[in-house]
Amino acid sequence: PFIIFDILRRYLEYRGNKVTFVQNFTDVDDKIIKRAKEEGVSEKEIADKYIEEYFKDTEALGIKRADYHPRVTEHIPEIIQLIRRIEENGLTYTVEGNVYFDTSKFSDYGKLSKQNLEELEAGARVDLEEGKRNPMDFVLWKRQKEGEPAWESPWGLGRPGWHIECSAMSMKYLGETIDIHSGGQDLIFPHHENEVAQSEGATGKPFSRYWMHNGFININNEKMSKSLGNFFTVRDISKLYDLEVVRLFMISAHYRSPINFSNELLDSMENSLERLYIAKTNLLHLIGKAEDKAESEDEEALKQRLLKYREKFIEAMDDDLNTADGVAAIFDL
């Protein structure tokens, strides 16, 4: 997602749009708290360490930093305020300091993922936590457990649930309705579905005009995942290939399609990238040697023919960010 949506941002800017790009960091959650305890350090030290390492990897991949990188711990007042709005609209219930969103009271629940609420409840994979009225309800505010970081709130000491933080930070930096929300396909349900419910439940306005979800990376036609043990990091791959090769590989298929990783494909991308650089070097060499004179009719005709490739590139990219056809247009040129 980081490469794909960096490409989207750059393309929107290339086409003359003013882009405000926000990417938030969850700097307090169960995993961070657990790791902090194991290492005997604070949650902030864990978050700072991995955010810094993340930036090293994204910079190596040529990914521009967002305009804003908000953190959960720096936006607790905004999160509490948003939960209060949802509460005032009658969409929550509180059980012993835990505040839940009541999905049965939000009639559009399931519209993003096209899920049927009754079917979801029947085959609920979501654990029925203590105090939850039905499996689809989700927590907005968690009461403090012993040894966990917590903040004062109208419901007692606690911390935000995962979903609410994204809506609160999105609204602060982009307003109540945003143009584009992006992420991996695995976030559509329940995370993005819950973002829609709580945001629209608070404001009564559409949360996002467009949703863009990227497909998975497959290894030998199986989804790359930690549980299967078939994964590697950006740093692992950087020992074998220039990371610009990885960027080109990631956009060689449509962003919504799965992409199958293999060394053969990366070798092919390496050769493709070399072709582009040779073409660029040759053109710069010719420009350097060119005489400053009026263009002949043949040169003008060639120029017009070449401009068609730019149009072809733009047409592809305007069609739901079709990078595969966009790259093909560049190679045709």
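**Figure 1. Helices H4 and H7 are roughly perpendicular to each other in this predicted model.** The two axes cross at roughly 70 degrees, and angles from 65 to 115 degrees count as roughly perpendicular. Helix H4 covers residues 76–88 and helix H7 covers residues 188–203, and their axes come within 8 Å. Two packed helices are described by the angle between their axes and the distance between the axes. On the H4 side, the contact is made by Leu82, Arg85 and Ile86; on the H7 side, Gln198, Ala202 and Thr203 meet them. By residue class, the contact of H4 with H7 contains 3 nonpolar, 2 polar and 1 charged.

**Figure 2. Asp6 and Arg10 form a salt bridge within helix H1.** Side chains of opposite charge can pair when their charged atoms come close. Here the closest N and O atoms of Asp6 and Arg10 are 2.9 Å apart. Both residues belong to helix H1 (residues 2–14); they are 4 residues apart, so about one helical turn separates them. Asp6 is buried, with a relative accessible area of 3%, whereas Arg10 is partly exposed at 34% relative accessibility.

**Figure 3. A salt bridge between Asp318 and Arg15 links distant parts of the chain.** The side chains of Asp318 and Arg15 meet with an N to O distance of 3.1 Å. Asp318 lies in helix H11 (residues 297–318), and Arg15 lies in the loop between H1 and helix H2 (30–39); the two residues are 303 residues apart. Asp318 counts as partly exposed, with 46% relative accessibility. Arg15 also counts as partly exposed, with 40% relative accessibility.

**Figure 4. Arg133 and Asp102 join two loops through a salt bridge.** The N to O distance between the side chains of Arg133 and Asp102 is 3.7 Å. Arg133 is located in the loop between helix H5 (117–122) and strand E3 (138–143), while Asp102 is located in the loop between strand E2 (98–101) and H5. Arg133 is exposed at 56% relative accessibility, whereas Asp102 is buried at 4%. A search of the whole structure finds 29 salt bridges.

**Figure 5. Strands E8, E7 and E9 form an open sheet with mixed pairing.** Strands of a sheet pair through backbone hydrogen bonds, either parallel or antiparallel. The order of the 3 strands is E8-E7-E9. Strand E8 (222–223) and strand E9 (259–261) are the edge strands, each pairing on one side only. Strand E7 (residues 217–219) pairs with E8 in the antiparallel sense, over 2 bridges. In this part of the sheet, Asn218 stands opposite Lys223 in E8.

**Figure 6. The whole chain contains 12 helices and 9 strands.** Taken along the principal axes, the C-alpha atoms fill a box of roughly 80 × 45 × 35 Å. Of the 333 residues in the chain, 41% are buried. Among contacts in the chain with a separation of 6 or more, 71% are between residues 24 or more positions apart.

Technical notes. Residues are numbered from 1 along each chain as its sequence is written. Side-chain values use heavy atoms; hydrogens and water are left out. Axes are lines fitted to C-alpha atoms, for helices over the stretch in contact, and angles run from 0 to 180 degrees between N-to-C directions. Angles under 35 degrees count as roughly parallel, over 145 as roughly antiparallel, 65 to 115 as roughly perpendicular and the rest as oblique. Contact means heavy atoms within 4.5 Å. Ala, Val, Leu, Ile, Met, Phe, Trp, Tyr, Cys and Pro count as nonpolar, Asp, Glu, Lys and Arg as charged, and the others, Gly among them, as polar. A salt bridge is a side-chain nitrogen of Lys or Arg within 4 Å of a carboxyl oxygen of Asp or Glu. Buried means under 20% relative accessible area, exposed over 50%, partly exposed in between (1.4 Å probe, protein chains only). Two strands pair if DSSP finds at least two bridges between them.
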